[in-house]
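Good morning, and thank you for the time.

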Amino acid sequence: MAVVEFQGKQFEVDEDGFLQRFEDWSPEWVDYVKESEGIKELTDEHNKVIEFLQDYYKKNGIAPMVRILSKVTGFKLKHIYELFPSGPGKGACKMAGLPKPTGCV
């Protein structure tokens with residue numbers, strides 16, 4: 001298990017860089033992932049996706065399928081990839097503090 005240090009905080013991550021524990025999520029984690037994903041500035045649209053992913057995960061224990069993410073946020077898949085260049089599974093779920101999705105997110 002690797003440990004990432006960023007802005008004075010330590011985060012345990014898996015081999016793919018996802019948080020080991022959802023409860024360790026913090027604004028500093030978002031800043032770390034944002035930087036590593038090449039996102040210059042978070043917008044309200046980024047936050048809408050992150051908040052939906054977190055709420056869905058808290059209720060269901062898994063990440064939502066992409067079509068659910070798209071339907072609820074109102075964002076087309078293409079736009080989600082514009083917001084999170086590495087995609088909804090890697091970039092968005094990682095930023096939201098979710099574990100690495102096992103299926104098609």
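Before the first helix pair, a definition: an axis here is a line fitted to C-alpha atoms, for helices over the stretch in contact, and the angle runs from 0 to 180 degrees between N-to-C directions. Please keep in mind that this is a predicted model.

Let us start with α2 and α3, the latter spanning residues 66-73. Their axes approach to within 11 Å and cross at roughly 125 degrees. The two helices are therefore oblique to each other, and α2 passes α3 in a right-handed crossing. On the α2 side the contact is formed by K48, V49, F52, L53 and Y56, and on the α3 side by I68, L69, V72 and T73. By class, these residues comprise 7 nonpolar, 1 polar and 1 charged.

I turn now to α2 and α5. Here the axes come within 9 Å, with a crossing angle of roughly 70 degrees. An angle from 65 to 115 degrees counts as roughly perpendicular, and so α2 is roughly perpendicular to α5. From α2, the residues V49, I50, L53 and Q54 meet A92, C93, M95 and A96 of α5. This contact has 7 nonpolar residues, 1 polar residue and no charged ones.

How many of the residues of α5 are buried? The number is 9 of 10, so α5 is largely enclosed by the rest of the structure. The buried residues are G87, P88, G89, G91, A92, C93, K94, M95 and A96. Their cover includes α1, α2, α3 and α4.

That brings us to the interior. In soluble globular proteins, nonpolar side chains tend to be buried together. In this model, the largest nonpolar core has 28 residues, and V49, L53, F84, M95 and L98 have the most contacts inside it. At least two residues each come from β1 (2-6), β2 (9-13), α1 (27-37), α2 (44-60), α4 (77-83) and α5 (87-96). The greatest contribution, 6 residues, is that of α2. As for F84, leaving aside residues up to four places away in sequence, its contacts are I39, H46, V49, I50, G91, A92 and M95.

Finally, two points on the backbone. Q7 lies in the loop between β1 and β2, and its phi is near 50 degrees, a positive value in a residue other than glycine. Most residues other than glycine have a negative phi. G97, which follows α5, also has a positive phi, near 85 degrees.

Thank you; I welcome your questions.

Note on methods
Residues are numbered from 1 along each chain as its sequence is written. This is a predicted model: local features need pLDDT of at least 70, side-chain atom pairs count only at pLDDT 80 or more; totals for chains, interfaces and linings use all residues. Side-chain values use heavy atoms; hydrogens and water are left out. A nonpolar core is a set of buried Ala, Val, Leu, Ile, Met, Phe, Trp, Tyr and Cys residues joined through side-chain atoms within 4.5 Å. Buried means under 20% relative accessible area, exposed over 50%, partly exposed in between (1.4 Å probe, protein chains only). Helices (H or I, at least four residues) and strands (E, at least two) are DSSP runs, numbered from the N terminus. Contact means heavy atoms within 4.5 Å. Angles under 35 degrees count as roughly parallel, over 145 as roughly antiparallel, 65 to 115 as roughly perpendicular and the rest as oblique. Ala, Val, Leu, Ile, Met, Phe, Trp, Tyr, Cys and Pro count as nonpolar, Asp, Glu, Lys and Arg as charged, and the others, Gly among them, as polar. A crossing is left-handed if the near helix is turned anticlockwise from the far one by less than a right angle, and right-handed if clockwise.
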